Amino acid sequence: LQGIFVLGLPYALLHSGYSGLFLIILAAALCCYTGKILIACLYEENEDGQLIRVRDTYEDIANACCKKLSPKLGGIVVNVTQVMELIMTCVLYLVVSGNLLLHIFPYVPVTEKTWSAIAFVTLLPCIFIKTLKIVSKLSQLCSLVHFIIILVVMTYCLTQIHQWSWAKFRLSIEFEDFLVSVGVIIFSYTSQIFLPTLEGNMKNPGEFRCMLNWTHFFACVLKTTFALTAFLTWGEQAKEIITDNLPSFLQTLVNLCLLTKALLSYPLPFFAATEIVCACITRGNHSNYRSPLFAVGVRGSFLLLTLLMAMFIPHFALLMGLTGSVTGAAMTFLLPSLFHLKLKWKKLSFLEKYTDISVFILGFLCSLGGIFCSIKGLLEVFR
């Protein structure tokens, strides 16, 4: 919940004004709620009225909802959506890496796309990652670097407190820019993909709801504080990646940390995406698809795909907004509320049904508007 995409929140506030602060809080509340109802779909009551975990994954929930149409249709839709979101996340890390290298070495006559390709070379060993053991160690280092970055940016902003002014907030906003900001904010909270596995591995799953409440509360406080202090410091000059606004003596240090974080963050979504694809392919009895060479080929193909996408769509905020609007909204709002209504309809109160339907409609409208505006923005940039 506190990934590198937090750095895009001040830019989102620039285009959403006061409503952006409300959106950060609302998104936290809605994401926490949909996380709870998603986990509720894993359980069914037995004859004694006790809740029993009868499903293990997001895919299992989807298949249960669509079993009358097709036993595997729901799982296919969910897997495709998950892979899209994970791959787009990897693309964003490459885009960020290229942007950071461009600012770290401004006098080197190399384009941002070329820098992304250079960063890609350092990620080639990801082809040989077979287990989460290595990924977990990289993620641990990534978390440490993240706290250093946030500490440096926040400390600098607090030294500029004498320049803060609420007048920097917009009272009037452009509707299209606002919708792109919605996508950015939603994408910074997405975690539903990992929740079924997380809950299933907890020592005490009964504490899941409490854990979700506290993590989303603190994530909301940290995001709001960071976005607000950064925006009050730079206002209209807030850039897509807020660390670009730092003075040169700090920018190089922070950008090196950010580059390290981006490269260390890449293996987790990359590994998750390739594992989903390999698992889907190897479910049959095709022995050729279970060889180590085949797995290396799949990982190599996905690695190359992320590079090609990063080369052709090198715009951080617009790409993040598009991803949040398409896959983020679907996995975070649309599918959890739809599945909850489908599986628990007879046991839900009127208020719960009303809430689920409202979340679905809100998610659908945000997704539709965000897709339109993000694509339009990308087309304008290409022109």
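Guide: A pocket, on a 1 Å grid over the protein atoms alone, is an open set of points where a 1.4 Å probe fits, with protein on both sides within 12 Å along at least five of seven lines; its lining residues have an atom within 4 Å of a point. The model discussed here is predicted, so local features need pLDDT of at least 70 and side-chain atom pairs count only at pLDDT 80 or more, while totals for chains, interfaces and linings use all residues. Residues are numbered from 1 along each chain as its sequence is written, and side-chain values use heavy atoms, without hydrogens or water.

Visitor: Which residues lie nearest the centre of the second largest pocket?

Guide: The lining of the second largest pocket has 22 residues. Those nearest the centre are K36, A40, L51, R209 and H340.

Visitor: Which element gives the most to the lining of the second largest pocket?

Guide: Helices (H or I, at least four residues) and strands (E, at least two) are DSSP runs, numbered from the N terminus. At least two lining residues each come from β1 (43–45), α9 (208–234), α13 (316–344) and α2 (18–40). The top contribution is seven residues, and it comes from α2.

Visitor: How many residues in the lining of the second largest pocket are charged?

Guide: Asp, Glu, Lys and Arg count as charged; Ala, Val, Leu, Ile, Met, Phe, Trp, Tyr, Cys and Pro as nonpolar; the others, Gly among them, as polar. The lining of this pocket has eleven nonpolar and three polar residues, and the number of charged ones is eight.

Visitor: Are Y266 and F270 buried or exposed?

Guide: Buried means under 20% relative accessible area, exposed over 50%, and partly exposed in between (1.4 Å probe, protein chains only). By that rule, both Y266 and F270 are buried.

Visitor: What is the distance, centre to centre, between F350 and Y354?

Guide: F350 and Y354 are four residues apart in helix α14 (residues 350–382), so about one helical turn separates them. Both residues are exposed. Their rings form a stacked pair with 20° between the planes, and the centres are separated by 6.4 Å.

Visitor: Which residue has a side chain in polar contact with the side chain of E199?

Guide: E199 is part of helix α8 (residues 195–200), and its relative accessibility is 2%, so it counts as buried. A polar contact is a pair of N or O atoms within 3.5 Å; within protein, one must be able to donate a hydrogen and the other to accept it, and residues adjacent in sequence count only if both atoms are side-chain atoms. At 2.5 Å, the side chain of E199 makes such a contact with the side chain of Y43.

Visitor: What is the separation of the C-alpha atoms of A28 and V221?

Guide: Here the two residues are 193 positions apart along the chain.

Visitor: What distance separates the C-alpha atoms of S16 and V182?

Guide: S16 lies within helix α1 (residues 9–16) and is buried, at 1% relative accessible area. V182 is 166 residues from S16 along the chain, and the distance between their C-alpha atoms is 8.3 Å.

Technical notes
Phe/Tyr/Trp six-rings, centres within 6.5 Å; stacked < 30°, edge-to-face > 60°.
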